[in-house]
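Subject: Model handover

Hi,

Have a look at it in your viewer first, then read on.

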Amino acid sequence: MAIQISTAIAIYFVIWWVALFLTLPFGVRSQHEDGVGAPGTDPGAPILTRMGRKLIWTTIISAIIYGAGLAAYHAGYLSIERLSKLMGMPF
């Protein structure tokens, strides 16, 4: 069974979005932790978010997860029929 390109893009986008939320908290230091900050700002506000690095890491992580899922799908380990049998649901 072949996956349509629109389905592949949608699955990758969902995986990428979840991976983004997983990588967001890593490496963030708040103004309170460093003892610096502008007056009138929240002490929990981040000093450097490093979003460029996080977007790159998110893309790498999601590509690895998507590639593993695609390999499992093509090898026959991952299919709707198999998952429905595991969950005890007729499909």
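Let's start with Tyr77, which counts as exposed because its relative accessibility is 60%. On that scale, buried means under 20% relative accessible area, exposed means over 50%, and partly exposed is in between, with a 1.4 Å probe and protein chains only. Before going further: this is a predicted model, so local features need pLDDT of at least 70 and side-chain atom pairs count only at pLDDT 80 or more, while totals for chains, interfaces and linings use all residues. Residues are numbered from 1 along each chain as its sequence is written, and side-chain values use heavy atoms, with hydrogens and water left out.

**Tyr77 and Arg82**

Tyr77 is in the loop between H3 and helix H4 (80-87). Helices here are DSSP runs (H or I, at least four residues), as are strands (E, at least two), and both are numbered from the N terminus. Leaving aside neighbours within four places in sequence, Tyr77 is in contact with Ala72 and Arg82; contact means heavy atoms within 4.5 Å. Its C-alpha atom is separated by 19 Å from that of Tyr12, 65 residues apart along the chain.

Arg82 belongs to helix H4 and, at 41% relative accessibility, counts as partly exposed. Not counting residues up to four places away in sequence, Arg82 touches Gly76 and Tyr77. Between the C-alpha atoms of Arg82 and Trp17, which are 65 residues apart along the chain, the separation is 26 Å.

**Helix H1**

Trp17 turns up again in a nonpolar surface patch of about 630 Å², made by Phe13, Val14, Trp17, Val18, Phe21 and Leu22. Accessible areas come from the Shrake-Rupley method with a 1.4 Å probe, and for residues only the protein chains shown count as cover. Phe13 sits in helix H1 (residues 5-23).

Ala8 is found in helix H1 too. Is Ala8 buried or exposed? Ala8 is buried, because its relative accessible area is 13%. Leaving aside neighbours within four places in sequence, Ala8 is in contact with Ile3 and Tyr66.

**What the record says**

UniProt (unreviewed entry) places the feature "transmembrane region" at residues 7-28 and 55-80. Those positions are in the numbering used here, feature names are shortened, and annotations may be inferred rather than shown by experiment. In the model, residues 7-28 are 77% helix and 0% strand, with end C-alpha atoms 34 Å apart. For residues 55-80 the figures are 85% helix and 0% strand, and the end C-alpha atoms lie 31 Å apart.

**Around helix H2**

Gln31 lies in helix H2 (residues 31-34) and counts as buried because its relative accessibility is 14%. Which residue does the side chain of Gln31 join in a polar contact? The partner is the side chain of Thr41, at 2.8 Å. A polar contact is a pair of N or O atoms within 3.5 Å; within protein, one must be able to donate a hydrogen and the other to accept it, and residues adjacent in sequence count only if both atoms are side-chain atoms. Beyond its neighbours within four places in sequence, Gln31 has contacts that include Val36, Asp42, Pro43 and Ile47.

Val36 is in the loop between H2 and H3, and is partly exposed at 49% relative accessibility. Not counting residues up to four places away in sequence, Val36 touches Gln31 and Ile47. Val36 and Ile47 are 11 residues apart in sequence and 8.5 Å apart in space, C-alpha to C-alpha.

The salt bridge count comes to 1, where a salt bridge is a side-chain nitrogen of Lys or Arg within 4 Å of a carboxyl oxygen of Asp or Glu. It joins the side chains of Arg29 and Asp34 (2.8 Å, N to O). Arg29 is partly exposed at 41%, and Asp34 is partly exposed at 38%.

**One backbone angle**

Arg50 isn't a glycine, yet has a positive phi of about 55°. Arg50 is in the loop between H2 and helix H3 (51-75) and, at 42% relative accessibility, counts as partly exposed.

Cheers

Conventions: Patch = residues over 30% accessible without salt bridge, like charges linked within 9 Å, V, L, I, M, F, W, Y side chains within 5 Å.
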